[in-house]
Amino acid sequence: MSPAHKKQVVAAAVQAGVCSGRAGCRILKLSRSGYAYQAGQRSSRLQELVKRLHALTAANPRYGYRRIAALLRQEGWRVGKRQVRRLRRLEGLRVPPTKRKLVRQGRSTGLPTQATHKNHVWTWDFIADATMRGGPIRMLTVLDEHTRECHVLRADRALKSADVIELVKDAVARHGAPEYIRSDNGSEFIAKELQHWLAAAQIKTIYIEPGSPWQNGFVESFHGRFRDECLNREQLWTLTEARVVIEDYRNQYNHQRPHSKLGYQSPAQYAANLTPSLAPVRPAKPGLPSARDGQPASAVSTSTHRPDRL
């Protein structure tokens, strides 16, 4: 029990007539000087810090004290995470707890491949939601597993394999082609049209085992943060509004949101600080067949890798 809690217990006992203040301090082993001490008024700097703390917490209610401390340091405040944690507790600023799911029992198989540099392994998957009027929304997510950058976060009523190819082609044109791309065994990812395009682009595929979403943990983790920090907070009435809100979140995630696994840098900052030797860029091959061109597939075979072969 902290001294502050002891003071509250003694004060409540004295007010209720249970015992005197001297007896209460003796029972709880609290010094009488500490019991009588009254904290002075906060300095102007501390008042400004608390005000800014409230503003950042209101703008990012799902951020913990570590991420809030990182944002404050980016703004020029000289604060530590323990001070931010203490002030948040005093001000009653707390991340609402989420319902914890049961952990998977047994030995995990782990990830098939660990990305070691930029554009080494990309990962993609779908996440679903709905507008307030009841229309479905299907979103494609494409991440770089090393830099954690979100290259694609596109919302539409329905996304087919041809749409997936066009979105990934745009991402490859902007960021370079990955060596591998990881996905589950969804129908959009195993379509022959997509397989032909990946083979022509010389992008090897990594398919996780059926019923093993933890093997695609990077995109699953991103979807958890995306739903918690964006989809659960916004009321999306139309598809156009959803696209604007989702693209704003993608930009904030890439350029502003501190990432705990990247030393509380944003993914864009981390990617910019990589040395060229650690971040090779493989440009897209010119003249790749489009998803709607109807051209024949390249002779390059698309390989499916199991975890023990990488």
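**View 1. Ala177 counts as buried, because its relative accessibility is 3%.** Buried here means under 20% relative accessible area, with over 50% called exposed and partly exposed in between (1.4 Å probe, protein chains only). Ala177 sits in the loop between α7 (161-175) and β4 (180-183). Helices (H or I, at least four residues) and strands (E, at least two) are DSSP runs, numbered from the N terminus. From Ala177 to Trp122 it's 55 residues in sequence, but 9.2 Å in space, C-alpha to C-alpha.

This is a predicted model, so local features need pLDDT of at least 70 and side-chain atom pairs count only at pLDDT 80 or more, while totals for chains, interfaces and linings use all residues. Residues are numbered from 1 along each chain as its sequence is written, and side-chain values use heavy atoms, leaving out hydrogens and water.

**View 2. Here's the open sheet, five strands in the order β3-β2-β1-β4-β5 with mixed pairing.** The edges belong to β3 (150-156) and β5 (204-207); each has a single partner strand, so one side of each has no neighbour in the sheet. From one strand to the next, the twist averages 20 degrees. Axes are lines fitted to C-alpha atoms (for helices, over the stretch in contact), and angles run from 0 to 180 degrees between N-to-C directions.

**View 3. Zooming in, β2 (residues 136-144) and β3 pair in the antiparallel sense over six bridges.** Two strands pair if DSSP finds at least two bridges between them. Met139 stands opposite Ala155 in β3.

**View 4. Helix α10 (residues 239-255) packs on the sheet, touching β2 and β3.** Contact means heavy atoms within 4.5 Å. The direction of α10 makes about 170 degrees with that of β3.
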